[in-house]
Amino acid sequence: SAEFDLTALDKTQRGWEQYIQGIAFILQNEGYELSGFEGVMSGNVPIGSGLSSSAALQLAAARAFCSASDLAWEPVRMAQLAQRSEHEWRGVQVGIMDQLISAAGQKDHAILIDCRSLELTTVPLPEETAIVILDTMSRRDLGHSEYNKRFQECHDAAEALGVGALRELNSAEFAQKKSQLNPIHQKRAQHVITENERTEAAAIAMQAGNATLLGELMNASHASLRHDFEVTNDALNIIVDIAQRQPSCFGARMTGAGFGGCAVALVNADHAEAFAEAVAVAYEAELSIRPNLYISKAATGTSVL
């Protein structure tokens, strides 16, 4: 349990309630008049696994404050404020993807996000597929320091290339300019630029219902995260390799900030349970750790029940 006063928020506390206090802080700073409430919280998102349990908690808290305070619910606006809460209250330079999908998710769909304009495009996940979450049971040991380091490396690479953000370059343009960067910045920029292209290609694949192409893009994404962005660990690489070998798997990649946590696999829904069991057995045989696997579907974002 946790209790705090809306007029005396405390940034020094380090428990889960910090995420709720951070939302209260940013909403009040933006001029929203908040009413307190008593609530009960439950969840089934593994904590520290890279599945954005913090963003889910932030947006649930924002929705609760809006409901208790009779405020209009604006999904994109609230996602922006939750991101600012991370930046200003917790000092972590997160992007806005996790907050937006928690705020604006739609059942059976993914969302293509333009992180500059915040334009959202819903795209249907291929029919007869399931998303299997592969929890390696390894928790991030490098934490937010490495996340902030990657953020700075990408910022420095963009600055050296004379662009406002790496998204302004495509692969062909980058190939002509990459000699201006040191080897580390080359690798970081290579990942971001090619990942943007893979993301756009994935949306097209989903709109066409092409699970095979989507899976291939997921596999390529993991390779780039592993070798260019360097945010995987042994456990993630092992479980992704095992998943990719399964005949019912279209593709798999790590998810979240990396350095532990979870991967996700796109699989044939009819064989999802057999896939999960095969991956669990092979992973436990290699690392003597039983992973947690969750067969899931895309669900609606933050809502009032």
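**View 1. Surroundings of H222 in the predicted model.** Leaving aside neighbours within four places in sequence, H222 is in contact (heavy atoms within 4.5 Å) with T232, L236, N237, V240, A252, R253 and M254. The model is predicted: local features need pLDDT of at least 70 and side-chain atom pairs pLDDT 80 or more, while totals for chains, interfaces and linings use all residues. Residues are numbered from 1 along each chain as its sequence is written, and side-chain values use heavy atoms, without hydrogens and water. H222 lies in helix α8; helices (H or I, at least four residues) and strands (E, at least two) are DSSP runs numbered from the N terminus. H222 counts as buried because its relative accessibility is 3%, where buried means under 20% relative accessible area, exposed over 50% and partly exposed in between (1.4 Å probe, protein chains only).

**View 2. Helix α8 and its cover.** The buried residues of α8 include A211, L214, M218 and H222. Among the elements covering the buried residues of this helix are β3, α7, α9, β4 and β5. At the start of α8, a side-chain oxygen of N210 comes within 3.3 Å of the backbone nitrogen of T212.

**View 3. The largest nonpolar core.** A nonpolar core is a set of buried Ala, Val, Leu, Ile, Met, Phe, Trp, Tyr and Cys residues joined through side-chain atoms within 4.5 Å. The largest one has 36 residues, of which L134, L166, V267 and F275 touch the most other members. Helix α9 gives the largest share of this core, seven residues. Beyond neighbours within four places in sequence, the contacts of V267 include V132, F250 and F275.

Conventions:
Polar contact = N/O pair within 3.5 Å; in protein donor to acceptor, adjacent residues only side chain to side chain.
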